[in-house]
Amino acid sequence: MQEWALCLPGTFPRLGPHAGALHALRNALSQGLLEKDPSFMSTSSVSFISASVYVQRSEEEHVKFEEKLINLRKRDFVSLHPDLKKRAAVDFLSIAGLLIAAHETGKIKNPWLRHAALLTLGFPVYKIAEKSIKDIFSVESFLVYDNLRELLLKTLKFDLIFNSPIKIEVPAVNLNTAGWTLNQILSDPPLYLNGWQNQGWVSVTNFRPEDVSLEIEVRNLRYVDGGINGLRVFGHFGPGKHNGEGQIVDTAALSNLPVHFAVSEGYSNIVVFHYNSMAEGPLDRSFRNWVELLSRCFDITVSGNTRRIILGYLRVNNDLEQLAKQRESLKKLEELLYYQYLDAKSQQTIRQHIQDTEEAMRNLSYAHKKIIKFLFVGSDPIPDAHFSDFTQDQMIQGINIGWKAGWDAVPKISKMIA
């Protein structure tokens, strides 16, 4: 029985489906339909929460998690930025004072004086309105995850997480170290030969000494803050810190499909719970405001990056299969060297051709990689639900769709690792 890894893409519409799919896996394991847990899990964005429940290996925790999702409210995990609240309060009090002043002008009997007083109030009204707009765009972000942090610290069973036999890695992106310059892209030796070692990634785990060998409260807070860093959707939430440094944002800023963490750990059997996300495909929906438009732009950016990553791995797999066939052909050609009727000059020509071909093969960009067996798990279309406008019905529907997708994947996983 081979080891296998599980990769969970993010975005809010997958929160419910991940809960259902992972619960289905847990049930399949308890019934003996699946012989072993994944040995490793990598997450993106919101999937960190579902994965943290799964590695606890508790049916009870799965049930509690689904109940929380069904009754979830926005105030349970997000709130307005404290600075925005303070500035809004000051602006409100200023406006209230002007309204009182405007009301008092009604007591002036002389109509000319009354109109003059109202006109005088016009300039401060304009300045307060101007200040309100500036306040909105000068804060670090509109929203914060303070409520989510408190919720996770209270509900996650950290002893189960850090003593779990399932390794979990929760990545996020450092804005200060991510990205590439032209000189780096065109470096010698070229990046496509030695791999793209992007320094933008940071992560927390339940197995590395730097994440585990800490005081319990520090360890737990580090894990939760690391997970929340991977949830910081740019445009809505401000960046976080990793080890007190950098500006850390949502995992999907680089990739919503961080399978390379599993590959780096040596896994070649990887299951991806992707589903069929309506939010990331063509839609007939009309977007009413900039928040919806921003979410839609984020979704299609994620969709495009995911497509490139999946096709990139599949192309490498295909090229490695073709390379194996070419090597077999070379072996057959090499056998000709020992034919007794072959003269020395022909032998030398064939030998040189084999050497040149082998050298060219070694220089192929994919030659030193290995074939990765992927299982991309689809589903019925999951609801187009975002953290700004989700409903209870959408959450229930997502959990049920995820359960079916996870359950249907069990025999395929078993076949992969058999």
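**Close-up 1. Arg-57 in a loop between two helices.** Arg-57 sits in the loop that links helix 2 (47-54) and helix 3 (59-70); helices here are DSSP runs of H or I with at least four residues, strands are runs of E with at least two, and both are numbered from the N terminus. You're looking at a predicted model, where local features need pLDDT of at least 70, side-chain atom pairs count only at pLDDT 80 or more, and totals for chains, interfaces and linings use all residues. Residues are numbered from 1 along each chain as its sequence is written, and side-chain values use heavy atoms, with hydrogens and water left out. Arg-57 isn't a glycine, yet its phi is positive, near 55 degrees. Most residues other than glycine have a negative phi. Arg-57 is partly exposed, at 45% relative accessible area (buried is under 20%, exposed is over 50%, partly exposed is in between, with a 1.4 Å probe and protein chains only).

**Close-up 2. Asn-243 between two strands.** Asn-243 belongs to the loop between strand 7 (240-242) and strand 8 (245-249). Here's another positive phi in a residue that is not a glycine, about 55 degrees. With a relative accessible area of 56%, Asn-243 is exposed.

**Close-up 3. Thr-205 and its polar partners.** Thr-205 is part of strand 6 (residues 201-205) and counts as buried, at 1% relative accessibility. Its side chain makes a polar contact with the side chain of Asp-211, at 2.8 Å (a pair of N or O atoms within 3.5 Å; within protein, one must be able to donate a hydrogen and the other to accept it, and residues adjacent in sequence count only if both atoms are side-chain atoms). A polar atom of the Thr-205 side chain also lies 2.9 Å from the backbone nitrogen of Arg-208.

**Close-up 4. Val-271 and the largest nonpolar core.** This core has 64 residues, and Val-271 is one of those with the most contacts inside it, along with others including Leu-6, Phe-77 and Tyr-223. A nonpolar core is a set of buried Ala, Val, Leu, Ile, Met, Phe, Trp, Tyr and Cys residues joined through side-chain atoms within 4.5 Å. Helix 15 (residues 392-417) gives the largest share of this core, nine residues. Leaving out neighbours within four places in sequence, Val-271 is in contact (heavy atoms within 4.5 Å) with residues including Trp-4, Leu-375 and Ile-413. Another core, of 17 residues, lies apart from the largest one and includes Phe-40 and Val-272.
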